[in-house]
Amino acid sequence: MAGVNRMSMMEQVHLAGEDEEDLYGGFNDYNATLDTEDLANDPSFQKAVLRTSHGRRPPPTSFKGPGGGAPMVGGGRMMTAMRGGRAGPSSMGRPITGAAAGQDSQARPMTAVRAAGYTAAGKRGPAGFDPLSQAGPAPPLEPKPEDSPEEKIRQLEKKVNELIEESCFANSRGELNLALEKAKEAGRKERVLVRQREQMSMGDQINLDLTYSVLFNLANQYAANEMYNEALNTYQVIVKNKMFSNAGRLKVNMGNIYFKQRNYPKAIKMYRMSLDQVPNSHKEMRTKIMQNIGIVFVKMGQYTDAITSFEHIMSEAPSFKTGFNLILCYYALGDREKMKRAFQKLLTVDLKIEDEDKYLPHGEDKQYNLVLEMIKNDSLRQIERERKYEAENCIKTAAKIISPAIEPSFDTGYDWCVEQVKNSQYIDLAHDLEIDKAIMFLKQKDFNQAIETLKSFEKKDSKVACTAATNLSFLYFLENDMAQADKYAEVAMTADRYNPYALVNKGNVLFTKGDFEKAREFYREALQNDSSCVEALYNLGLTNKRIGRLEDALDAFYKLHAILRNSPQVIFQIADIHDQLEDSAQATEWFMQLIGVVPTDCSVLSRMGEIYDNDGDKSQAFQYYYDSYRYFPSHIPVIEWLGAYYIDSKFCEKAIHYFERASIVQPQEVKWHLMIASCHRRSGNYNQALETYKYIHRRFPDNVECLKFLVRICSDLGLKEAQEYATKLKKAEKAKELKDQRTNSASRRGSGRRREGSAEGDREGSAGMRPAGKRGGCSRCSWAAPQTKP
């Protein structure tokens, strides 16, 4: 028994790799049990049949028919045989047909039992399946000749469709000229296609859909290329063709073109005609057309007609844009009560956004968190955010507009709007509106009201308190109250340490106090929380520049330049740092870019003149200094340089004009009057020089240099006044000596130290940051001030 069990177990064992090489093995194995062809000769089967009632029946009697014909069976049915083959009785007592008579028999016709032509004889015979008695394989299908007219038309139609697609793709890429060319080519080929059909008498087979597509695409491309007349003509061809169904709706596009052309009466006419073509079941389309009609009426100043359209839309399918436009129309008419009702109606508009709690993560549900990670920034979520932003923007803007109009004071009107928002589904906007109220006070220069409004948020929730504290810190910083600015910056950081603007305000306070290292740390922390905070990045570069880390400052300003491409402050800082690094080529290039952004800034032009002057290019330096003088003729350093340039060029008469301008700007400065007199003397006009020196002596009688020149000129001209001026000169020199003697050695040493410090300050001013009004800064804005954020 053990051996038998082992054998049976071994039979059930399947060794790995036995059948792996033949994946389809076993499908063609033949089971003899299923063979029914030789059952008549199978003795076992015949014995089993004899035990049944069918086997106990008497055998059929065989006899010859009348006339010695074929034998008859049963009720006179003849036995049949294919091709003369003689058939014998089967084991079932029925005559054998030719399908089972032999291999030479032909396949029998289709019956309900077997398929047409499928027999064992047919499988064994030499001939295959041939129901139509056709010997050999079927001939291949004959291809249509490529030069046939039908094939040419089909290929041409395919080419037209391809051109339309290429035109649309080019338009989506912004290649408007290429899109128009493709549309025109599609139109030409479509006309050729129509002519060929007509020549072949196939006019009834013209593809109207293709013609419509060609014309519609061509009109769109004309409109995109601002070829409005051609677009209108093409739309007219479509609209006037009665064979195009629903073509009247394209009058909306024609109305849009008339709107762009500021032809508002025709635009309204087209919109109304298209509105008649749109059935009432298409409510969304009708709503959009009516909105266009209302906007055109607003452009025409017909606010009453616009209100009719907007009110109908708000009753059928309210939206934020329509509600906002309705408020503007009531504001234009000055209807206070209707403005209030329209604002309340605006607050009832449904955003059609599901509860945002679904975007909150579940702590334990990992599968839900994975799904949330996928959907939190998908396209549907972005659409929801856009809708929410649009709704908030419309509500807040409407409140700012109507608040001064619905009540006697702005404060009262804004409070009414805030109360209405609190009682609506947009209650979260109430705090934002109150913050906006404080900002509106700032715009009205009412700083006290702004501060009081912001202080009311100190005990609110953390987010609102942080925003209010940030703005308070900004306000106190502008008022130069650094203690309060520092206090509220700390409050804002305590409420939200990741608020970049609170960190920037804290850094600004430290920057003003001169603690640049700590200020730098706060700016860097703000950038870690928000890398796009431009105020923190600018102030970080400014701080690095102040402490002498010029490479780090340059890196910060380059990053900022990638964000703010045309910011004059950023470009100036980059150019100034290159100048401090003594890279004159880069400094010149960046200053040229800055001139392209602010071509009338006198300080930038004078800085370029200074760079060329240092390089020895006097002609270029003169050009930039002269341009700077034209835009700001009161800039003393530029005036002084131009006067000195003309003196060096031996054109003293032209230098007089600039020194006269300087004397007007600084009338108490004797230097400019002396320069005017010196120019007259250099040019040989001694009489005018003498009169100028006399004028200077009358205004500044103790000036030693003026008296010296008077003595010299009077002596050269032989005038009697020379002795008089010589006496005055001796008295002036003695007075000056006595004045110098009163100054003790300590004061002289302190004076020397002050002169040394002043020189160092001048060097810092020329190589470091320049304050406003100096050559490194703009006369109208401070390039080097730290930036703040309200």
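Q: Where does serine 663 sit in this predicted model?
A: Serine 663 is part of helix α31, which covers residues 652–665.

Q: What does serine 663 touch, leaving out residues up to four places away in sequence?
A: Its contacts are Trp672, His673 and Ile676. As for isoleucine 636, 27 residues apart from serine 663 along the chain, the two C-alpha atoms are separated by 9.7 Å.

Q: What makes asparagine 480 count as buried or exposed?
A: Exposed takes over 50% relative accessible area. Asparagine 480 has 58% relative accessibility, so it goes down as exposed. You'll find asparagine 480 in the loop between α20 (462–478) and α21 (482–495).

Q: What is worth a look in the phi of asparagine 480?
A: Most residues other than glycine have a negative phi. Asparagine 480 isn't a glycine, yet its phi is positive, near 65°.

Q: How do you know whether α24 and α25 run roughly parallel or roughly antiparallel?
A: The axes of α24 (residues 534–546) and α25 (residues 550–563) cross at roughly 155° and come within 7 Å. Angles over 145 degrees count as roughly antiparallel, so that is the label for α24 and α25. Their crossing is left-handed.

Q: Which kinds of residue make the contact of α24 with α25?
A: By class, there are 10 nonpolar, 2 polar and 3 charged residues. Among them are Leu537, Tyr538 and Leu542 of α24, and Ala553, Phe557 and Leu560 of α25.

Q: What makes up the largest nonpolar core?
A: To belong to a core, a nonpolar residue has to be buried and joined to others through side-chain atoms within 4.5 Å. The largest such set has 150 residues, and Val421 is one of those with the most contacts inside it. Not counting residues up to four places away in sequence, valine 421 touches several residues, including Phe343, Ile395 and Leu433. Apart from that core lies another, of 20 residues, among them Leu674 and Cys706.

Conventions: Residues are numbered from 1 along each chain as its sequence is written. This is a predicted model: local features need pLDDT of at least 70, side-chain atom pairs count only at pLDDT 80 or more; totals for chains, interfaces and linings use all residues. Side-chain values use heavy atoms; hydrogens and water are left out. Axes are lines fitted to C-alpha atoms, for helices over the stretch in contact, and angles run from 0 to 180 degrees between N-to-C directions. Helices (H or I, at least four residues) and strands (E, at least two) are DSSP runs, numbered from the N terminus. Angles under 35 degrees count as roughly parallel, over 145 as roughly antiparallel, 65 to 115 as roughly perpendicular and the rest as oblique. A crossing is left-handed if the near helix is turned anticlockwise from the far one by less than a right angle, and right-handed if clockwise. Contact means heavy atoms within 4.5 Å. Ala, Val, Leu, Ile, Met, Phe, Trp, Tyr, Cys and Pro count as nonpolar, Asp, Glu, Lys and Arg as charged, and the others, Gly among them, as polar. Buried means under 20% relative accessible area, exposed over 50%, partly exposed in between (1.4 Å probe, protein chains only).
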